[in-house]
Amino acid sequence: MSHKKLLVAMSGGVDSSVAVRLLLEAGYDCAGATFLTSRSAEAVSAANDAQRVASELGIEHMTLDLTDEFRRDVIEYFVRTYEEGGTPNPCVMCNRKIKFGLLADYALSHGFDGIATGHYARLSADEGGVKLYCAEDMHKDQTYVLSHVPEKSLAICHFPLGGLTKARIRSLAAEYGISVAEKKESQDICFIPGGDYVRFITEFRGKEPQRGRFIDRDGKILGENRGALCYTIGQSRGLGIALGRKVFVTDKNAVTGEVTLGESSELMKTTVTASELNLIGCDSLEESRFEVKIRYAHRAALASVKYMGGGRVEIKFDEPQRAPARGQLAVLYTEDSHGRRAVGGAVID
């Protein structure tokens with residue numbers, strides 16, 4: 001993967017800024033690209049930060065207005081998944097469609113040999129193709145949200161931060177005199193500052209969620225809910241219902257609007273199925289045993305994985321796992337001589 005001319009995704013933050021500097025030091029010819037995914041003040045400010053850093057580093061910078069594409073491929077997906085009773089992961093979809101989809105297409109059609117980002121992950125290539133490995137800093141590792149990126153996009157990509165810790169990145173930014181060295185990271189979904197996704201969906205659709213009923217696992221009516229999309233699997237706070245005991249959202253039905261409440265034990269699942277399997281560095285699932293993560297912050301657990309055809313897998317965990325949610329990714333991990341590797345990801349049914 002020896003590319004000379006790279007288009008680097010620059011968010012205006014410290015990670016992508018240091019990534020550019022490291023690539024320049026390694027001898028690559030770089031240009032920066034920032035996506036406008038909205039025309040908000042925050043988005044414009046981030047693009048301006050990226051432009052300033054590019055100027056400091058002496059590279060060309062371009063701002064690509066992808067607001068329409070982002071609305072179509074990420075926001076519509078996000079809203080629709082909630083409306084259908086699932087739990088979306090917009091970062092996964094943004095990586096697949098925007099950062100490693102449209103950016104890769106743009107780069108190759110404009111004379112670049114590859115792309116680069118500030119993600120915390122590592123890549124290795126051999127005769128079997130490109131393989132995706134966890135970052136040295138496991139607290140920052142982003143292979144979960146990269147596991148649905150097509151292998152052909154990863155094959156032209158560089159992750160210069162994969163072998164560094166976040167603390168080292170901050171130190172390098174200060175050492176290089178990068179103006180965003182102390183810029184704080186946002187923990188929110190980029191298009192929902194503050195994280196109130198229900199309000200966002202309500203405003204996006206221009207209508208209030210359809211109210212429904214709370215029920216227990218036997219179908220007994222417990223009360224009225226604000227709309228199935230207002231709740232997530234495993235939620236126990238903010239339910240707006242007092243039953244004299246702590247209860248959790250264990251299921252949702254987008255058609256009837258019913259939200260099932262139950263005990264914590266009812267969230268534990270041993271078997272899940274998942275679809276749209278995206279494999280990286282292999283053509284088929286030759287192994288049957290993997291460590292599997294069912295959400296970004298989940299601790300991977302041992303499981304037997306069976307390929308069912310048509311991009312579907314059945315995952316049987318050795319120990320029950322808490323609150324697998326439809327729409328999230330199940331990501332398969334294994335170990336080899338290069339370290340911990342993400343073999344691919346599939347969307348939980």
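What percentage of the 349 residues of the protein chain count as buried? In this predicted model, the share is 53%.

**View 1. The whole protein chain.** The fold is built from 8 helices and 17 strands. Its C-alpha trace spans about 65 × 50 × 35 Å along the principal axes. Take contacts between residues at least 6 apart in sequence: 65% of them join residues at least 24 apart.

View 2. The structure holds 10 aromatic pairs. In one of them, the ring centres of Phe78 and Tyr82 are 5.3 Å apart. Their planes meet at 80°, so the pair is edge-to-face. Both residues lie in helix α3 (residues 67-83), 4 residues apart, or about one turn of the helix. Phe78 is buried, at 1% relative accessibility. Tyr82 is buried too, at 7%.

**View 3. A pair between strand and loop.** The rings of Phe214 and Tyr231 have centres 5.4 Å apart and planes at 65°, so this pair is edge-to-face. It links distant parts of the chain, 17 residues apart. Phe214 sits in strand β8 (residues 212-215), and Tyr231 in the loop between β9 and β10. Phe214 is buried, at 0% relative accessible area. Tyr231 is buried, also at 0%.

**View 4. An aromatic cluster.** Ring pairs join Phe70, Phe78, Tyr82, Phe191, Tyr197, Phe200 and Phe204.

Technical notes:
Residues numbered from 1 in each chain as written. Predicted model: local features only at pLDDT ≥ 70, side-chain atom pairs only at ≥ 80, totals over all residues. Heavy atoms only, no water. Helix = DSSP H or I, 4+ residues; strand = E, 2+ residues; numbered from the N terminus. Buried < 20%, exposed > 50% of the residue type's maximum accessible area, 1.4 Å probe, protein only. Contact = heavy atoms within 4.5 Å. Phe/Tyr/Trp six-rings, centres within 6.5 Å; stacked < 30°, edge-to-face > 60°.
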